[in-house]
Each structure stands twice: as structure tokens, then as C-alpha cells.
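Q: Could we go through this model together? I would like to start with the charged pairs and then move on to other topics.

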Amino acid sequence: MNSKKIKLLSSEIALAIVIIVSVFLIARMKKENHYKMPKQKDCLVSVNGEEILKKEIDLVYKQFADSGVQYDEILSNSIDEILVIQYAKEFGIPEITEPEVQKQLQDYKSQYPDLYNEAVNVYGVDELYKGQENRMMYDRVKKYVMSNVLQDKFTDQTAKKFIAKYKLSGQLEGYSMEQIKKSLKKEIEEFLFNEWVDDIKKDANIIYY
């Protein structure tokens with residue numbers, strides 16, 4: 001492949017970065033029965049019994065409104081993250097320890113002090129801790145899925161579906177499929193993982209209020 005850089009123009013991919021930050025800050029899991037009725041009056045959605053509250057989504061939406069992120073997109077990605085984390089037990093993934101969380105938060109604070117302080121001011125230390133803990137678990141489940149569930153799915157057919165979804169055929173004209181898969185490996189893997197999330201969502205008990 002020549003030195004020409006492949007650029008992904010899809011706004012969906014760029015927006016995903018904002019969504020991930022949002023979910024990182026608000027995600028939290030409670031050890032409850034997965035089929036209890038909602039206890040909170042401002043519950044927007046129950047995901048296998050895990051509640052997402054309106055006040056949580058409101059906070060994130062207010063913080064990122066200028067980025068163009070949509071309210072429903074924040075909610076949808078929060079649902080996805082909870083579903084992924086719920087698979088940790090099924091896959092036998094060990095819990096995140098407190099020292100692991102504290103180390104990640106300290107690294108975050110050192111690298112992005114302004115963002116860290118803003119997050120603490122908006123969400124508080126406890127919620128930030130819970131968000132980091134669950135973000136780490138999300139990443140572990142994702143890594144497990146990519147290595148043990150989807151390891152044989154990184155195919156030409158998957159790459160073609162990715163190209164079609166993001167309308168990249170014009171940009172990628174002249175490149176071989178192997179070149180595309182090598183250069184866009186991370187993006188195609190993300191696409192593949194999102195398809196897996198969509199599949200598990202079909203069997204989830206998701207109730208909107």
C-alpha cells in the first residue's frame with residue numbers, strides 16, 4: 001500500500017469517541033436481581049434489571065451538547081455498555097481490583113488534569129471511580145470476545161460489510177482487500193464487535209419507561 005492515508009469520513013465513527021467518553025463517566029453496575037421492577041422514579045431504561053436514570057443521561061448530554069451528540073445516542077450506548085459488562089460473569093472474567101482502578105485514575109489525572117478535574121466536579125469522585133471500574137471491565141470483556149468469540153470472523157466478507165456501511169468504496173478504490181484489512185484492522189474489529197453487541201441485544205430484557 002502506498003503512503004496515501006485512508007481517512008474515514010463517517011460521522012458515526014467520530015461520534016463514537018464522544019459516546020465512549022460519556023459512557024465511561026456514567027456507567028455503573030449494581031448487584032441486583034436482573035428482573036426486578038425499577039426502583040427509581042426517573043428510570044429511563046432497565047437492561048436485564050440494571051437501571052439507567054434520566055438524571056445520569058441528562059448530565060452527560062448537558063456536558064457534551066455542543067459536540068452534536070444526540071440524547072438517544074448516549075442512552076443507546078449506555079445500554080450497550082451495560083450489556084457487555086453483564087457478560088463478564090458468563091465468560092469467567094475476574095473482577096477489577098481497587099488498586100487497578102486507582103492506578104488508571106491516577107494515570108488519567110496525570111495525563112489529562114483538566115478533564116479529570118472537570119469530571120470530578122460534574123460527577124463526583126465516587127461516580128468517576130465506578131465509571132472507571134466498569135470501563136475497565138468493559139474493555140476486558142471486549143478483549144475476551146475479540147479473542148475467543150469473534151477470532152474467526154475477521155474475514156473479507158466482514159471487511160466488505162464495513163466498507164459498505166460507511167460508504168468507503170470510493171476512498172479505498174485501488175487497494176487490495178488484504179491492504180484494507182491491515183490498514184483498517186482496528187476499525188473493522190470495532191465494527192465486528194458492535195455487530196456482536198447488536199446480536200446479544202436481541203436476547204436482552206430491555207424495558208423502556
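Q: To begin, how many salt bridges does the count come to?
A: The count comes to 13 salt bridges. Please keep in mind that this is a predicted model.

Q: Which residue does Asp58 form a salt bridge with?
A: The partner of Asp58 is Lys54, and their closest N and O atoms are 2.8 Å apart.

Q: How are Asp58 and Lys54 placed in helix 2?
A: They are four residues apart in helix 2, which means that about one helical turn separates Asp58 from Lys54. In general, an α-helix has 3.6 residues a turn, so residues three or four places apart point the same way.

Q: And is Asp58 buried, exposed or partly exposed?
A: Asp58 is partly exposed, with a relative accessible area of 28%. Lys54 also counts as partly exposed, at 39% relative accessibility.

Q: What about Lys103 and Asp107, how do their side chains meet?
A: The side chains of Lys103 and Asp107 meet in a salt bridge, at 3.2 Å from N to O. Both belong to helix 4, residues 98-111, where they are four residues apart and thus separated by about one helical turn. Lys103 is exposed, with a relative accessible area of 51%, whereas Asp107 counts as partly exposed at 29% relative accessibility.

Q: Which residue pairs with Lys130 in a salt bridge?
A: Glu127 forms a salt bridge with Lys130, and the closest N and O atoms are 3.6 Å apart. The two are three residues apart in helix 6, residues 125-148, and about one helical turn separates them. Lys130 counts as partly exposed at 37% relative accessibility, and Glu127 is partly exposed with a relative accessible area of 27%.

Q: Now helix packing. At roughly what angle do the axes of helix 4 and helix 6 cross?
A: The axes of helix 4 and helix 6 cross at roughly 105° and come within 10 Å. Helix 4 is therefore roughly perpendicular to helix 6.

Q: Which residues make the contact?
A: Helix 4 contributes Glu98, Glu100, Val101, Gln102, Gln104 and Leu105. From helix 6 come Leu128, Tyr129, Gln132, Glu133, Met136 and Arg140. By class, this contact of helix 4 with helix 6 has five nonpolar, three polar and four charged residues.

Q: Changing topic: where is Phe191 found?
A: Phe191 is found in helix 9, residues 185-202. At 5% relative accessibility, Phe191 counts as buried, because the cut-off for buried is under 20%.

Q: Which residues does Phe191 touch, leaving out those up to four places away in sequence?
A: Phe191 touches Thr158, Lys161, Phe162, Lys165 and Tyr166. Phe191 and Thr158 are 33 residues apart in sequence, and 8.6 Å separates them in space, C-alpha to C-alpha.

Q: What is the phi of Asn48?
A: Asn48 has a positive phi of about 50°, although it is not a glycine. Asn48 is placed in the loop between strand 1 (43-47) and strand 2 (50-53), and it is buried, with a relative accessible area of 13%.

Q: And the phi of Lys167?
A: Lys167 also is not a glycine, and its phi is positive, at about 55°. Lys167 is in the loop between helix 7 (156-165) and helix 8 (177-183), and it is exposed, with a relative accessible area of 74%.

Q: Finally, the overall picture: how many helices and strands are there in the protein chain?
A: The protein chain has nine helices and three strands. From the N terminus on, its elements run α-β-β-α-α-α-α-α-α-α-α-β. Of the 209 residues in the protein chain, 39% are buried.

Note on methods:
Residues are numbered from 1 along each chain as its sequence is written. This is a predicted model: local features need pLDDT of at least 70, side-chain atom pairs count only at pLDDT 80 or more; totals for chains, interfaces and linings use all residues. Side-chain values use heavy atoms; hydrogens and water are left out. Buried means under 20% relative accessible area, exposed over 50%, partly exposed in between (1.4 Å probe, protein chains only). Contact means heavy atoms within 4.5 Å. A salt bridge is a side-chain nitrogen of Lys or Arg within 4 Å of a carboxyl oxygen of Asp or Glu. Axes are lines fitted to C-alpha atoms, for helices over the stretch in contact, and angles run from 0 to 180 degrees between N-to-C directions. Angles under 35 degrees count as roughly parallel, over 145 as roughly antiparallel, 65 to 115 as roughly perpendicular and the rest as oblique. Ala, Val, Leu, Ile, Met, Phe, Trp, Tyr, Cys and Pro count as nonpolar, Asp, Glu, Lys and Arg as charged, and the others, Gly among them, as polar.
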